Amino acid sequence: MSRVYNFSAGPSCLPEEVLKECAAEMLDYNGTGQSVMEMSHRSKAYEPIIQDAEAMIRKLMKVPDNYKVLFVQGGGSTQFAMVAQNLGIHTGKAAYIETGVWAKKAAAEAKKLGVEVDVIASSKDKNYSYIPKVEKISGDYDYAYICFNNTIMGTHYEYIPDTGKIPLVADISSCVLSEPLDVSKFGLLFAGAQKNLAPAGVTLVIIREDLIPEVENCRAGTPTMLAYKTHADNGSMYNTPPCYTIYVLDKVLHWIEKNGGAEGMLKRNKEKAEYLYNYLDGNEDNFYHATTEVGSRSLMNVPFLTKYSTGAEDEASKAKEKEINDKFVKEAAAAGLVNLKGHRLVGGMRASIYNAMTLDGVKALVDFMKKFAKENA
């Protein structure tokens, strides 16, 4: 069977070149006679892999010297707790901008751990279809929190809020290294790897050193493994790290460098996203439309609805909408375009076009959309 175009929101497609390299080294990595899957994380064979991964992150993201680069486990959802436990320790207050499910969950986790959360802005009034404009944040907050790219809603920050001396925390899971980002404007960045970097299993954390408290100074009850200090002091190897995932991540980072770095990824991603959005905004008969507002649109996640998605609550309308959506997803999969079902909070379809997705894949999707619209209008 030939490879499909995988539009999954995560785990996402990986560069084919990287997959072939991993396959070639599966039984024998670098003459060791073993797979990286079997390798001790303390071995001389593995040490250069994790060291190179950190060096590549620093190079590609231009990480300042006063920041730590950590590889931890637990995904972005565990970071919701770690951020609150490690940073919410002075005034015990934090500002959150609510732009969808993940920011909302992060705020709820912080509240659960005793942090006083101020939701200073929200786009809930329009089902999170835009990013609120909050250019300046002030107050006695320990940190301010944003989700930079919203996977479910397909929105993205076109600006970085000015927080002054308040550390800005950003979840960049679904846009990491899809574009250049000035790390120095943030106190902490984190990203689950399974969108743009690697298979699921490792989470990248970039944190300014002065924000890392001693373990005993974290919020009461913080487990040792949920203190950033634990990982910073042990080179991300306090316990066994996800060795193979970090190995794949390192290869993806070299692929990104080979393809122009963050700047090259931005050019690539703009071309793909513009091709898809231009069709959504200009398709004949208005069979499809994008759900996000211009000025807040993600380059990574593109939700869209058909003209049968009227928002009507009567059973006949809902049944017709479900029927056409199910038909679209099924026929797209048969055409080699998989994982296009939209999230239940938005409905319709969603195309996630992360770094590894090719322009050819997006063109194949648009060609299918044109055919489907003609047959089902």
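Helices and strands here are DSSP runs, numbered from the N terminus. The model is predicted. The protein has nine helices and 14 strands. Its radius of gyration is 21 Å, close to the 21 Å that the globule rule gives for 377 residues, so the protein is as compact as a globular protein of that length.

**Overall build**

- The C-alpha trace spans about 60 × 55 × 35 Å along its principal axes.
- Of the 377 residues, 55% are buried.

**The loop between α1 and α2**

- S43 sits in the loop that runs between α1 (16-24) and α2 (47-61).
- The relative accessible area of S43 is 19%; buried means under 20%, so S43 counts as buried.
- The side chain of S43 comes to 2.7 Å from the backbone oxygen of S40.
- Y29 also belongs to the loop between α1 and α2. Y29 is buried, with a relative accessible area of 15%.

**Aromatic pairs**

- The structure contains 19 aromatic pairs.
- One of them joins Y29 and Y247: the ring centres are 5.7 Å apart and the planes stand at 85°, so the pair is edge-to-face.
- Y247 is buried at 3% relative accessibility.
- Y96 and Y145 make a stacked pair, with 4.7 Å from centre to centre and 20° between the planes.
- Y96 is in strand β3 (residues 93-98) and Y145 in strand β5 (residues 143-147), so their pair ties together parts 49 residues apart in sequence.
- Y96 is buried, with a relative accessible area of 1%. Y145 is buried too, at 1% relative accessibility.
- Which residues do ring pairs link into a cluster? They are Y279, F287, Y288, F304, Y308, F328, F368 and F372.

**Charges over rings**

- K320 places its charged end over the ring of Y308, 4.9 Å from the ring centre. Y308 is also one of the residues in the aromatic cluster.
- K133 does likewise with Y159: its charged end sits over the ring, 4.1 Å from the centre.

- Strand β2 covers residues 67-72, and five of its six residues are buried, so the strand is largely enclosed by the rest of the structure.
- β2 pairs with strand β10 (residues 203-208) in the antiparallel sense, over six bridges.
- Within this pairing, V72 stands opposite T203 of β10.
- L70 is part of strand β2. At 2% relative accessibility, L70 is buried.
- Leaving aside residues up to four places away in sequence, L70 touches T203, L204, V205, I207, Y228, H231, A232 and S236.
- L70 and L249 are 179 residues apart in sequence, and their C-alpha atoms are 13 Å apart in space.

**Backbone features**

- Where is the cis peptide bond that involves P11? The bond runs from G10 to P11, with omega near 0°.
- P11 lies in the loop between β1 (5-6) and α1.
- N127 is not a glycine, yet its phi is positive, at about 55°.
- N127 is placed in the loop between β4 (116-122) and β5. Its relative accessibility is 41%, so N127 counts as partly exposed.
- D285 is another residue other than glycine with a positive phi, here near 70°.
- D285 is found in the loop between α7 (261-282) and β11 (288-290).
- Is D285 buried or exposed? At 59% relative accessibility, D285 counts as exposed.

Notes:
Residues are numbered from 1 along each chain as its sequence is written. This is a predicted model: local features need pLDDT of at least 70, side-chain atom pairs count only at pLDDT 80 or more; totals for chains, interfaces and linings use all residues. Side-chain values use heavy atoms; hydrogens and water are left out. Helices (H or I, at least four residues) and strands (E, at least two) are DSSP runs, numbered from the N terminus. Buried means under 20% relative accessible area, exposed over 50%, partly exposed in between (1.4 Å probe, protein chains only). A polar contact is a pair of N or O atoms within 3.5 Å; within protein, one must be able to donate a hydrogen and the other to accept it, and residues adjacent in sequence count only if both atoms are side-chain atoms. Rings of Phe, Tyr and Trp (its six-membered ring) pair if their centres lie within 6.5 Å; planes under 30 degrees apart count as stacked, over 60 as edge-to-face and the rest as tilted. A charge sits over a ring if NZ of Lys or CZ of Arg is within 6 Å of the ring centre and within 35 degrees of the ring normal. Two strands pair if DSSP finds at least two bridges between them. The radius of gyration is taken over C-alpha atoms; the globule rule is 2.2 Å times the number of residues to the power 0.38. Contact means heavy atoms within 4.5 Å.
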